[in-house]
Structures are given as structure tokens and as C-alpha cells.
Amino acid sequence: MRILITNDDGVEAAGLDVLEKIATDLTDDVWVVAPETDNSGASHSLTLAEPLRMRELGKRRYAVKGTPTDCVIMGVRYLLKDQPPDLVLSGVNRGQNLADDVNYSGTVAGAIEGSLLGIPSIAMSQAISNYDHGVPPWDTPMVHGAGLVRKLLDAGWPTGSVINVNFPDCSPDQVKGVAVTVQGFRDTALLDIDDRMDTRGKAYYWIGIAKRGPNPPKGSDLWAVRSNLISVTPLCLDFTDHGALSDLASVLEERDK
């Protein structure tokens with residue numbers, strides 16, 4: 001099995017080393033193509049207005065001056081074009097990618113791009129309670145990651161889906177199991193702007209997200225991680241709201257007659 005790994009925290013991130021360990025537990029044929037710098041929050045952005053630059057850092061290890069999406073495309077369509085990877089792994093992100101986070105996450109976007117290119121893909125993130133100063137329990141994905149990937153590959157999942165995995169903020173022995181979950185939703189009231197002044201009296205701003213409430217719905221990704229469960233959420237790449245499709249068609253097509 002050939003595995004391509006990427007992330008959004010950058011090629012020097014500790015989580016990428018964790019993911020490389022997970023991948024090498026599965027195969028010796030592991031390729032790293034990751035962003036040169038931190039691309040957290042880059043979502044599924046693609047570099048089109050300027051050329052991509054790529055550095056070879058070592059055997060099967062490359063840094064791209066671009067986004068996670070750029071990295072996966074470079075890996076699949078350029079570096080490995082003669083023998084594409086069998087699996088794309090993206091992460092392990094420092095911090096969770098739960099609920100609405102998936103819309104902004106470069107980690108999830110790297111896996112989405114792999115899936116769009118026809119390759120089974122998994123995003124992995126490690127929750128951390130104190131994002132600013134805490135150290136993630138990297139042992140948790142290291143201990144549980146490879147076994148979980150094996151189980152997912154054995155089970156399989158449909159083309160056009162991507163798997164979003166989030167490890168809880170606890171030690172490996174405190175993990176209570178795995179839960180297949182639905183994507184949760186953030187309370188939009190938690191999104192805020194923190195305005196500050198620099199030393200020259202000029203304003204600058206941080207986008208801030210307050211901590212979520214203590215009782216997310218059971219069965220959601222938020223609930224699973226707070227319950228010390230590994231959350232596994234299958235995400236569909238088809239954005240069509242099939243439930244609204246027939247209702248809209250009956251109204252709009254009737255008016256066109």
C-alpha cells in the first residue's frame with residue numbers, strides 16, 4: 001500500500017510526525033507532501049494566481065509553498081503520477097476539527113481533495129482543551145491511529161465520502177472506544193471579534209470562538225470527543241440538499257410552465 005500524507009499545520013508540525021508514524025505502521029511506502037508554513041483555516045483553497053514552489057527535504061518528503069489542497073494535487077498528479085497512492089491521510093491536526101470546523105479546516109480539505117481525486121482519504125485531528133498553551137496528548141493517535149485506519153479500510157466507505165476522525169483530549173488508556181457520529185453544529189453566538197490596539201495606537205482584530213456549551217447532542221462528533229470517544233464522521237462531498245430538491249422543483253418548475 002502506498003500512502004500520501006499531508007496536513008495544514010505545516011511540514012514542521014509535531015502532528016505530521018505522529019501521522020507519519022501511523023502511516024509507517026501500515027506500510028513502508030509513505031510519502032510526505034505538506035505545506036511549507038501553517039495553513040490552519042485555509043479550507044479547500046487552491047493556489048491559482050502564482051506558481052507553486054516545492055522543496056525536497058529528504059527521501060519521500062517534500063514541502064510545498066501552498067495549501068493542503070495544493071500539496072495533495074502535487075503529490076497525486078506530479079510526484080506519484082505513475083503510481084498514485086492507495087490512501088491519503090491528512091493531519092494529525094493540533095486541535096479538533098468538529099462541527100462547523102470542517103468548513104474551515106485545511107486538514108479536512110486535504111482529505112477532501114484526495115477523495116475528489118478518487119483516493120480513499122481520512123482526516124485526523126487531536127482535540128486539546130487549552131489550545132494556546134497546552135500540549136496535545138500525541139500518544140493517543142499514535143496508539144489508536146493505525147488500528148483504526150485498518151478497520152476503516154477493511155470496512156470501506158462510498159466513493160464521494162471522506163472520513164473525519166477526531167481523537168479525544170485524554171491519554172490512550174482513557175479512550176472509551178470509537179463512535180460513528182454525525183457532524184455537530186456550532187452556536188453562531190459563540191463567534192466574536194476581539195478588537196485590540198497595537199503599540200502605535202492602530203487597531204487590529206482577532207476572530208474568536210468561545211468554548212461550546214457542556215451538553216452537545218448525543219451521537220454528534222462534539223458529544224463523542226467530550227465523552228472520551230474517538231469520533232469517526234463520514235462526510236459527503238455532494239453538497240446537494242436532496243430533501244429540499246423536490247420541493248423547490250415543484251414550485252419553480254411549475255411557475256416556468
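Me: Where is the place of Ser43?
Reply: This is a predicted model, in which local features need pLDDT of at least 70 and side-chain atom pairs count only at pLDDT 80 or more, while totals for chains, interfaces and linings use all residues. Residues are numbered from 1 along each chain as its sequence is written, and side-chain values use heavy atoms, with hydrogens and water left out. Helices (H or I, at least four residues) and strands (E, at least two) are DSSP runs numbered from the N terminus. In these terms, the place of Ser43 is in the loop between E2 and strand E3 (54-58).

Me: Does Ser43 count as buried, partly exposed or exposed, and what class follows from its relative accessibility?
Reply: Buried means under 20% relative accessible area, exposed over 50%, and partly exposed in between (1.4 Å probe, protein chains only). Ser43 also has a positive phi, near 55°, in a residue other than glycine. Because its relative accessibility is 23%, Ser43 counts as partly exposed.

Me: What is the relative accessibility of Ala99?
Reply: Ala99 is not a glycine, although its phi is positive at about 55°. This residue is placed in the loop between E5 and H3. Ala99 counts as buried, because its relative accessibility is 0%.

Me: Which residue's side chain makes a polar contact of 2.8 Å with that of Asn97?
Reply: Asn97 lies in the loop between strand E5 (87-94) and helix H3 (106-116), and it is buried because its relative accessible area is 6%. A polar contact is a pair of N or O atoms within 3.5 Å; within protein, one must be able to donate a hydrogen and the other to accept it, and residues adjacent in sequence count only if both atoms are side-chain atoms. The side chain of Asn97 makes such a contact with the side chain of Ser105 at 3.2 Å. The contact of 2.8 Å joins the side chain of Asn97 to that of Ser125.

Me: A side-chain oxygen of Ser105 reaches to the backbone nitrogen of which residue at the start of H3?
Reply: H3 is mostly covered, with 10 of its 11 residues buried. What covers those buried residues includes E1, H2, E5, E6, E7 and E11. At the start of the helix, a side-chain oxygen of Ser105 comes within 3.1 Å of the backbone nitrogen of Thr107.

Me: What distance separates the C-alpha atoms of Val72 and Gly110?
Reply: Val72 lies in helix H2 (residues 68-79) and is buried, because its relative accessible area is 1%. Contact means heavy atoms within 4.5 Å; not counting residues up to four places away in sequence, Val72 touches several residues, among them Leu4, Val88, Gly110 and Glu113. Val72 and Gly110 are 38 residues apart along the chain, and their C-alpha atoms are separated by 6.4 Å.

Me: The side chain of Asn7 reaches the backbone oxygen of which residue?
Reply: Asn7 is found in the loop between E1 and H1 and is buried, because its relative accessible area is 3%. Beyond four places in sequence, the residues it touches include Pro35, Ser90 and Gly91. At 2.8 Å, the side chain of Asn7 reaches the backbone oxygen of Gly10.

Me: What is omega of the cis peptide bond that joins Gly91 and Val92?
Reply: Val92 has its place in strand E5. The peptide bond between Gly91 and Val92 is cis, with an omega of about -15°.

Me: Which element gives the most to the largest nonpolar core?
Reply: A nonpolar core is a set of buried Ala, Val, Leu, Ile, Met, Phe, Trp, Tyr and Cys residues joined through side-chain atoms within 4.5 Å. Of the 31 residues in the largest one, Ile5, Leu89, Ile122, Met124, Leu152 and Val165 touch the most other members. The elements that each supply at least two residues of this core include strand E1 (2-6), helix H4 (139-155) and strand E7 (161-167). With 5 residues, the element that gives the most to this core is H1.

Me: By class, how many residues in the lining of the second largest pocket are nonpolar?
Reply: A pocket is found on a 1 Å grid over the protein atoms alone, as an open set of points where a 1.4 Å probe fits, with protein on both sides within 12 Å along at least five of seven lines; lining residues have an atom within 4 Å of a point. Of the 15 residues that line the second largest pocket, the closest to its centre are Val102, Gln183, Leu235, Cys236 and Phe239. Ala, Val, Leu, Ile, Met, Phe, Trp, Tyr, Cys and Pro count as nonpolar, Asp, Glu, Lys and Arg as charged, and the others, Gly among them, as polar. The lining has no charged residues and 5 polar ones, while the number of nonpolar residues is 10.
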